[in-house]
Amino acid sequence: MKRSAVLTGLTLSAGLLLAACGGSSSGGSSTSSSSSVSSPASSAESSPASSAGSSSAATSGGSSSGTSSSGSTAGSGGSGAPMTGDANLSTSISILAPSYADSSKSDWETIISGYNKLYPNVKVNLQIEAWDGFTDKVQTRIQGNDLPDILNDNNYADYVKNNLLYPITDVMSPATFSSIVPSLAANGKGTDGKQWAAPDIASARIMVYNTQLFQQAGVSTPPKTWDELLADAQKIQKLGNGISGYGMPLGKEEAQVEASLWIWGNKGDWVDSSGKITANSPANVAAFDEMKKFIDGAAVQPNPGATNRQAVADLFNQGKLGMYITHPGLVAETRKKFPNVKFELAPVPSKDGTTNVSLGVTDFIVAFDNKDDSRKQATKAFLDYMYSPEVYQKWAAGTGLLPVTEGAIKLGEQSTPENKPFYDALPNVKFLPQSNPNWSNLQNALQANGGEIATKSGQETLDDIQAQVDAAG
Amino acid sequence: MATALHPPEVRRRGRGRALLAALPWLAPALVLIIGVVLYPAGYMIYTAFRKITKIGVETGAAGWSNFRTALTFPAVPIGKVFLNTFVWTVVVVVATVLLSLALAQFLDKTFRGRKLVRLAVVVPWAASVVMTSTVFYYGLNRDYGLINKALVDLGILSAPYGFTQNATSAFWVAVFVAVFVSLPFTTYTVLAGLQSVPGEVLEAAQVDGAGPAVRYLRVVLPILRPAIAVATLINIINVFNSLPILRVLTGSLPGYGADITTTLIFKYKTALGPGVSSALSVVNFLVVLVIIAIYLAVVRPTREV
Amino acid sequence: MTATPSIAPVPTVRDRRTGRPPRRRAGGGASRRSNPVAMAIGAVVIVVVFLLPYVIMLSGSLRSQPDITHIPPTYFGPSVLFRNYLTMWSSSVDPVKGLIATVVISTFATLLVLVCATPAAYYTARFRFPGRLAFLLLVLVTQMLQPTVLAVGLFREMLQLGINDTWLAMILINAAFNLAFAVWIMQSFFAAVPKEIDEAATIDGAGKLQVLFRVSLPLVWPGIVTAVIFVFVASWNEYAASSVIMTSNDKQPLTVTLPRFIGLYNAEWQYIFGVSVVAVLPVVVLFAVIEKRLIGGLTAGAVK
């Protein structure tokens with residue numbers, strides 16, 4: 001017995017030691033500073049909007065960024081607006097964010113180290129997780145009462161519904177908030193009219209088509225109406241050799257986006273005028289039946305219900321797909337890694353060929369109310385720093401998607417001219433109903449059942465979806 | 001090697017004293033279990049009866065409503081899910097145990113390169129289940145999967161097939177992968193058991209004129225019994241609760257045709273929140289408890305002690 | 001089906017280590033010479049079947065990302081990119097840290113299980129006491145719980161204990177949830193050791209603990225080794241709990257780190273495969289080292 005006790009003790013203490021080396025999450029570095037300066041963190045006077053607007057060249061390239069040598073003040077690049085730090089602010093905040101690309105972690109770490117030059121005594125705990133399973137990570141932290149201070153997510157209505165958030169304008173200076181393009185910022189406004197979330201990146205969906213396959217199939221211009229789309233897709237699919245006409249990703253990943261494009265193309269919608277989810281409205285059912293026509297008509301890739309957007313992109317990149325609806329990140333990948341694929345971008349087709357169905361998505365920054373003033377202060381300082389022109393521009397570029405501030409968009413249009421069609425589409429995009437409190441239920445139901453259209457009728461599929469939304473309500 | 005071996009002094013002692021004498025030996029295990037497992041298990045049951053929003057905020061008592069939702073959520077064919085769970089567990093465990101018996105027998109022989117073969121058998125164990133499933137998922141891809149290509153090149157298939165793109169075939173691929181990853185552990189447990197088969201007894205049996213089949217059934221299997229019993233027990237539990245294989249191989253399919261209760265719990269957790277998924281977990285736990293109780297009553301793996 | 005007491009495994013024990021007695025095994029064929037050609041074919045088939053997925057994994061790890069999704073696929077890529085094995089470590093995903101975390105967690109969890117399971121397994125196998133069956137069943141019940149849902153409870157528990165997001169938490173969790181198997185397998189092996197051996201030692205004046213360490217333990221090596229591998233591998237591959245408990249990226253084990261190679265619009269499969277290949281190696285090496293213990297059987301010197 002003695003021996004086993006000793007062993008237990010040894011193991012436990014060794015484990016403890018290692019765990020301690022790994023660092024505990026609690027506490028944080030609370031080294032108090034003797035400085036008596038106590039300027040409020042919110043006084044970051046830089047006005048990102050105006051500075052970015054005034055000179056786009058100033059913020060580009062490798063000019064000195066907001067992270068100067070040390071101390072509590074750092075000049076912020078060419079904009080000339082100083083960011084004031086505060087060594088007195090001593091607390092710790094935590095950030096939870098998804099991984100857009102494998103550089104995401106270091107992109108965030110760059111922001112944090114710059115921020116820590118201004119606020120040396122705020123410990124920032126960063127957690128980056130894969131998109132897959134991200135919702136569960138958030139859920140666990142909420143259930144464990146361990147709310148992150150800052151969350152980057154594609155949903156906010158649920159957090160609003162549960163009263164967990166600060167209005168984002170409480171934790172962003174007016175200047176910072178106004179740097180965000182108003183039409184995009186509006187997407188973060190709840191149904192109660194309050195600004196709960198701030199977009200951090202945006203993306204628009206546009207059709208991309210393989211010009212070589214179009215040529216081979218004798219299609220001269222990209223299709224505008226569904227009838228043209230069907231005919232062209234069939235022509236391309238007839239080329240054989242494993243080539244498919246239209247890529248229809250109805251798998252888990254993005255069934256909600258693909259489905260939205262179709263119902264909008266038929267002038268349908270997910271939400272009625274009173275804000276109620278009406279998935280199985282006649283216009284939506286007709287749109288789903290049209291999708292079925294494509295599936296049965298040998299115009300799309302095999303097993304669309306089980307195909308994710310990435311898989312469709314893989315087909316396209318290998319020259320085996322005529323066209324699909326894409327976003328900037330995927331197009332950039334194609335351009336970079338598959339130079340043999342020649343392609344053009346075109347508007348998303350609709351039933352009558354004139355309905356605008358450009359779809360926009362934004363992801364959001366939300367701030368959880370942890371009932372702690374210094375954390376709130378540190379959060380506000382962080383977001384102001386994060387959205388300062390150089391810092392934000394660099395971070396947004398790392399995601400491969402589109403930025404949301406006026407300044408960064410201007411810069412982006414210059415530095416990535418190939419994304420021009422996406423930028424052009426952005427002002428007119430229609431957003432998924434992300435502010436609707438039931439949106440996530442609809443999204444889940446679409447992801448779980450949308451692909452059933454391959455084997456069921458439009459009515460059956462959408463009835464199931466509606467039933468799940470109602471039951472989950 | 002059973003009951004006869006109990007020390008008489010233990011019997012003579014009072015029950016309380018016997019328990020007291022046992023405690024120091026069991027204490028480390030008990031402390032670990034009670035210290036770590038009790039709380040989350042209790043919390044799961046508690047959660048099953050609480051109203052919890054999808055994102056994890058508790059709002060009050062739920063009574064049995066979480067259970068009702070879990071079993072009646074629209075578009076979920078719950079009967080089919082339970083049937084799938086049954087088929088999944090039975091097929092995977094039976095196939096695993098039978099194949100493992102054969103494999104262990106083979107690996108027990110002396111032959112050149114035996115060590116290498118044994119190491120090869122261990123690899124699926126060493127690799128994470130998620131990765132193994134992912135490799136199969138990727139290898140079976142209709143468009144760029146190497147396994148698909150090989151099957152076509154060998155003339156087994158006439159054209160590449162989207163194995164993981166419909167519920168039925170994806171489910172059976174998952175069964176295959178589950179057997180594949182369960183084999184190493186089971187095989188090695190049986191192999192370890194084979195080490196205690198004494199040569200003399202087999203010789204004696206042979207002298208008595210018993211053929212190989214009779215010797216295996218009458219002599220080897222009984223000695224392997226404890227090892228097989230425990231390996232089967234662990235397999236039943238693990239297979240019943242297995243999530244990653246089906247999640248990787250059938251996760252992007254629409255509908256619920258390839259779901260077992262475990263994957264449904266996982267889907268519910270995101271779509272309906274922790275309350276409903278805990279409720280289904282409690283049901284799941286009770287089911288496995290019943291299965292194991294039946295198994296223990298029939299097989300009695302602790303009997304020879 | 002019960003083993004009869006008359007079959008005592010002891011006598012052969014001694015022969016095992018020193019030269020293999022030709023007549024040793026029969027299920028294996030004490031009598032019949034196996035056909036060497038058939039054996040060779042069988043061996044090759046087994047190796048191919050068991051390694052095939054990992055050959056695909058290895059081949060994927062040596063390709064470029066576009067080549068992995070090439071349609072139609074090729075058995076051999078246009079070039080073999082050994083440099084993937086260098087570049088993957090410098091990614092922002094930082095798999096080295098994940099690998100270190102995994103090694104530490106698995107090693108200590110395994111040790112902890114041995115410490116906790118061995119006395120319990122020995123005692124339950126050797127002595128009958130009230131609550132014995134209850135204990136074994138309690139242990140078993142821990143194995144039946146569904147980790148996906150338990151994770152949240154564990155998260156809250158560790159948060160309250162103040163060890164959330166530490167390796168210690170994962171060591172305790174892995175040990176607790178794998179204890180069941182270790183106790184059950186080891187007790188079945190202890191039970192197979194004839195009682196007489198223990199009793200002889202006891203008469204010689206050895207205490208229970210001495211009997212356990214000096215006499216019984218060496219006799220049940222295969223069981224211990226099986227338990228060690230089982231627990232080590234299970235901890236090595238654990239995902240459900242660590243993905244929830246370990247919130248700091250720098251301390252997460254590999255299973256949690258790896259999915260971050262999958263971004264929103266590209267997946268670095270070559271790196272995921274590469275790191276996975278590397279992650280398999282330590283387990284295989286561990287196995288190669290202790291395999292002799294497992295198969296070579298019981299040490300001759302032990303039964304003295």
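**Chatting through chains A, B and C**

Colleague: Let's start with chain C. How much of chain C counts as buried?

Modeller: Of its 304 residues, 64% count as buried. Keep in mind that this is a predicted model.

Colleague: Okay, and how many helices and strands does chain C have?

Modeller: There are 14 helices and zero strands in chain C. Reading from the N terminus, the elements go α-α-α-α-α-α-α-α-α-α-α-α-α-α.

Colleague: What share of the contacts in chain C comes from residues 24 or more positions apart?

Modeller: If you take the contacts with a separation of 6 or more, residues 24 or more positions apart make up 74% of them.

Colleague: Switching topic: how many residues are in contact between chain B and chain A?

Modeller: On the chain B side 33 residues are in contact, and they meet 34 residues of chain A.

Colleague: What's the area buried between chain B and chain A?

Modeller: About 2,800 Å², and carbon and sulfur atoms give 51% of it. Lys54(B), Ile55(B) and Pro254(B) supply 23% of what chain B buries against chain A, which is more than any other three residues.

Colleague: Why would anyone quote an area for an interface?

Modeller: The size of an interface is often given as the accessible area lost when the parts come together.

Colleague: Which elements of chain B give two or more residues to the side that touches chain A?

Modeller: Those are helix H3 (38–48) and helix H13 (261–271) of chain B. H13(B) gives the most, with five residues.

Colleague: Last topic, the surface. Which residues form a nonpolar patch there?

Modeller: Leu83(B), Phe86(B), Val90(B), Val94(B) and Leu98(B) do, and together they have about 490 Å² of accessible area.

Colleague: Where is Leu98(B) found?

Modeller: Leu98(B) sits in helix H5 of chain B, residues 78–108.

Colleague: So is Leu98(B) buried or exposed?

Modeller: Leu98(B) counts as exposed, because its relative accessibility is 54% and the cut-off for exposed is over 50%.

Key. Residues numbered from 1 in each chain as written. Chains lettered and ligands numbered in written order. Predicted model: local features only at pLDDT ≥ 70, side-chain atom pairs only at ≥ 80, totals over all residues. Heavy atoms only, no water. Patch = residues over 30% accessible without salt bridge, like charges linked within 9 Å, V, L, I, M, F, W, Y side chains within 5 Å. Areas by Shrake-Rupley, 256 points an atom, 1.4 Å probe, with all protein chains shown as cover. Salt bridge = Lys/Arg side-chain N within 4 Å of Asp/Glu carboxyl O. Helix = DSSP H or I, 4+ residues; strand = E, 2+ residues; numbered from the N terminus. Buried < 20%, exposed > 50% of the residue type's maximum accessible area, 1.4 Å probe, protein only. Contact = heavy atoms within 4.5 Å. Buried area = accessible area lost by both parts, 1.4 Å probe.
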